Amino acid sequence: MHSRLLRIVAVLALAIGPLCAQTSTSEISGTVRDSSGAVVPGAQVTLTNESTGIVFRQQTTPAGVFDFPSIAVGQYTLQVEMKGFKTAKRTGNTLTVGTVLGVEMILEVGQLGDTVTVEARTEALQTTNAAVGNVVEHKAIVELPLNGRNPLTLLTLEPGVVQRSAGGVGSGIHVNGSRDRSHNVTIDGIEANESSVPNPVSNLYRLTPDNVQEYKVTTSNATAEEGRNSGASVSVATRAGTNKLHGTLYYFGRNTAFNSNEFYTNAQGGIKPDIKMNQYGFEVGGPIIKNKTFFFGSWADQKINTTQPIDQTFGTPTLYTPSARAGNYRYWRNDPANAFTLPSGQRITRNVPQLVNPQTGALAAGVRNCATNTDLNCVATYNFAGDDPKKIGLDPTIAKLFGSYPTPNSYLSGDGLNTASYLWNPPTQFRGPNYMARIDHNFNENNSFFFRALWGDYNTLQGDPLNGRPQVFPNTPPLGEVYRTTRNFAASYRRVFSPRLINEV
């Protein structure tokens, strides 16, 4: 009874296993046949990771089937041995994240010592499910240009993905018409979504091209282990160590001196937005015990200083002109019988910015101050501070407050005579190191384990322009700052039950 119960538990574990499978791993399965097409049961199948030397073994079932689930992505060699047949060997089998590779091995009659080697060159057709998506491989991640070195931005190149300017609302990424926050991101099978804005492109954990092995983007018909939201499902697999010690030291820089000014900013005489981006770090990985235990670690830091026009992040702030601060209200005194017309042909009946020079606020050509109280088609002035019946004038507290604001430098908004604006490029700083550490250990062909930790900070200081909270004026406190502290851990233990035990059930 105890033996039978054990076998039932084993079967249930195998049935539940695929449902809980990490979406950062892969799988290879297939059938072994002889040259006549008949299945070959009991054949010895050996799978070897070409970069780590880790070996997995099993025998084909009575139906000639083999399957290696939940194994790390990478290049593998598949070898099949059976008495009375030549050894069949297939190299270069590429296993990608979250995708099952199906192969068929053909055994030829001959001596076991003879080997027939085939190199896997043709991409196999994925027939295990109807999911639509693509795998972004490590080669693409490290070689394609990335603005800000964010590997997940390559998501925008996938079919069905549309990126729009968010305008301060939403993430701007839409997949096959889904809403812009309907995405799901996992890292080594562990959820990695920012709770408020689950946006894959600006994911909170700030992965780098150096610590990502590859990731799968599913845009439609996601499987049970991937599906959660209606948008993209992004399954990230981090890098692991191999039998070769390797490392990378990098620096990525951008500077204002290499940039041109924006067209509209330049047309309005604005200052070129500043950008000084310094991103640097290293990664290193290799063996602790060859063919058994491996390590990988990375460190990345950044010092990014940028500025962005205030009208793009906040809007155009309105200020009182120097004359209004002094207690003088200016207004256009219109002649209804004989309207005034500017040289541009615009008729003037009230206060408009066109009455003044857009940079200095001085009266425009052809516009004059009123000479008398009955003068028309001119700018009149009323001294409301001097005409105060109580002779109090400007309130000192309010005058001090207005005096703390800068003098307007743009008269293109407001009414030109009493209100204008101050246009500038508020600064923002992005700071925060990020770390990753991973250990992989293979106990034997049926038992393996890995642990991975991601942690770091990504802080937005001196203003939060992405959420419309910059510094509105120089030397004033920002409307907001963002402090992001992230922690993400993954631990996995892989146990393969004996095929003999399963067959007995």
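**Rings, patches and buried sites in a predicted model**

Q: Over the face of which residue does Arg-149 lie?
A: In this predicted model, Arg-149 is placed over an aromatic ring, at 4.0 Å from the ring centre. A charge counts as sitting over a ring if CZ of Arg is within 6 Å of the ring centre and within 35 degrees of the ring normal.

Q: At what distance from the ring centre of Phe-450 does Arg-438 lie?
A: Arg-438 lies over the face of Phe-450. The distance from the ring centre is 4.1 Å.

Q: How many helices and how many strands are there in the protein chain?
A: The protein chain has 505 residues, of which 43% are buried. Its elements are seven helices and 29 strands.

Q: What share of the contacts with a separation of 6 or more comes from residues 24 or more positions apart?
A: A contact requires heavy atoms within 4.5 Å. Among contacts in the protein chain with a separation of 6 or more, residues 24 or more positions apart account for 67%.

Q: Are the rings of Trp-332 and Phe-340 stacked, edge-to-face or tilted?
A: A search of the whole structure finds 12 aromatic pairs. In one of them, Trp-332 and Phe-340 have ring centres 5.3 Å apart and planes at 50 degrees. Planes under 30 degrees apart count as stacked and over 60 as edge-to-face. The angle of 50 degrees therefore makes the pair tilted.

Q: Are Trp-332 and Phe-340 buried or exposed?
A: Buried means under 20% relative accessible area. Both Trp-332 and Phe-340 are buried.

Q: Which strands hold the aromatic pair of Tyr-435 and Trp-455?
A: Tyr-435 and Trp-455 are stacked, with 5.4 Å centre to centre and 20 degrees between the planes. The pair links distant parts of the chain, 20 residues apart. Tyr-435 is partly exposed at a relative accessible area of 30%, and Trp-455 is partly exposed at 32%. Tyr-435 lies in strand 26 and Trp-455 in strand 27.

Q: Which residue do ring pairs link with Tyr-280 and Phe-282 into a cluster?
A: The cluster is held together by ring pairs, and two of its members are Tyr-280 and Phe-282.

Q: Which strands each supply at least two residues of the nonpolar patch?
A: The patch lies on the surface and is formed by Phe-443, Phe-449, Phe-451, Phe-489 and Tyr-493, with about 500 Å² of accessible area together. Phe-489 is found in strand 29 and is partly exposed, with a relative accessible area of 45%. The strands that each supply at least two patch residues are strand 27 (447-457) and strand 29 (485-495).

Q: Which residues does Glu-158 touch, not counting residues up to four places away in sequence?
A: Glu-158 is in the loop between helix 2 (138-143) and strand 10 (161-163), and is buried with a relative accessible area of 9%. The C-alpha atoms of Glu-158 and Asn-134 are separated by 7.6 Å, although the two are 24 residues apart along the chain. The residues touched are Asn-134, Val-136 and Val-217.

Definitions and conventions:
Residues numbered from 1 in each chain as written. Predicted model: local features only at pLDDT ≥ 70, side-chain atom pairs only at ≥ 80, totals over all residues. Heavy atoms only, no water. Patch = residues over 30% accessible without salt bridge, like charges linked within 9 Å, V, L, I, M, F, W, Y side chains within 5 Å. Areas by Shrake-Rupley, 256 points an atom, 1.4 Å probe, with all protein chains shown as cover. Salt bridge = Lys/Arg side-chain N within 4 Å of Asp/Glu carboxyl O. Helix = DSSP H or I, 4+ residues; strand = E, 2+ residues; numbered from the N terminus. Buried < 20%, exposed > 50% of the residue type's maximum accessible area, 1.4 Å probe, protein only. Phe/Tyr/Trp six-rings, centres within 6.5 Å; stacked < 30°, edge-to-face > 60°.
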